[in-house]
Amino acid sequence: LSVQKNVVRGMHYQLPPMGQDKLVRVVRGAILDIVVDVRRKSPTFGKHVAVELSAENWKQIFVPVGFGHGFITLKPNTEVLYKVSSEYSPQHERAFRWNDPDLKINWGANESSVILSPRDKIHPMLKDVKDLF
């Protein structure tokens, strides 16, 4: 649950053997969901897709292992549900900066209006992440 609009969560993924497939949907409110390919040898490495998920449109997105995931809330009191293929594992979790300029993600909000957790403010740029797929 994110109470405020413009809350950014991401960009997160987990390494094997605790890599996670995720099925993401919104049961209240709306988000812009972002998925980034973090497989170094992939021809689409660093490329992303963005899709609006909302309680109204009933869309879901599948995020496979090897992809970073994040979102921004588009409405207050947004509730996001995940189904995951493995448990959360803090020692396997990795992340990169949500606003990495190399990724060219249009979040639809000014950086000054974005609300971030303290840990999401300090992630490295994708090119500086050592543990990728």
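Student: Where does Asn6 sit?
Tutor: Asn6 lies in the segment before strand 1; helices (H or I, at least four residues) and strands (E, at least two) are DSSP runs, numbered from the N terminus. Keep in mind that this is a predicted model, where local features need pLDDT of at least 70, side-chain atom pairs count only at pLDDT 80 or more, and totals for chains, interfaces and linings use all residues. Residues are numbered from 1 along each chain as its sequence is written, and side-chain values use heavy atoms, with hydrogens and water left out.

Student: And what about the phi of Asn6?
Tutor: Asn6 is not a glycine, yet its phi is positive, at about 70 degrees. Most residues other than glycine have a negative phi.

Student: Is Asn6 buried or exposed?
Tutor: Asn6 counts as buried because its relative accessibility is 14%. Buried means under 20% relative accessible area, exposed over 50%, and partly exposed in between (1.4 Å probe, protein chains only).

Student: Where is Asn77, and what is its phi?
Tutor: Asn77 is in the loop between strand 6 (67-73) and strand 7 (79-84). Asn77 isn't a glycine either, and has a positive phi of about 55 degrees. With 37% relative accessibility, Asn77 counts as partly exposed.

Student: OK, peptide bonds. Which kind is the one from Gly10 to Met11?
Tutor: That bond, Gly10 to Met11, is cis, with omega near 5 degrees. Met11 belongs to strand 1 (residues 8-14). The bond from Pro16 to Pro17 is cis too, with omega near 5 degrees, and Pro17 falls in the loop between strand 1 and strand 2. Most peptide bonds are trans.

Student: Switching to the fold: how many helices and strands?
Tutor: The protein chain has zero helices and eight strands. Its radius of gyration is 14 Å, close to the 14 Å that the globule rule gives for 133 residues, so the chain is as compact as a globular protein of that length. That radius is taken over C-alpha atoms, and the rule is 2.2 Å times the number of residues to the power 0.38.

Student: What does strand 2 do with strand 5?
Tutor: Strand 2 (residues 22-28) pairs with strand 5 in the antiparallel sense over four bridges; strands pair if DSSP finds at least two bridges between them. Val24 has Ile61 in strand 5 as its bridge partner.
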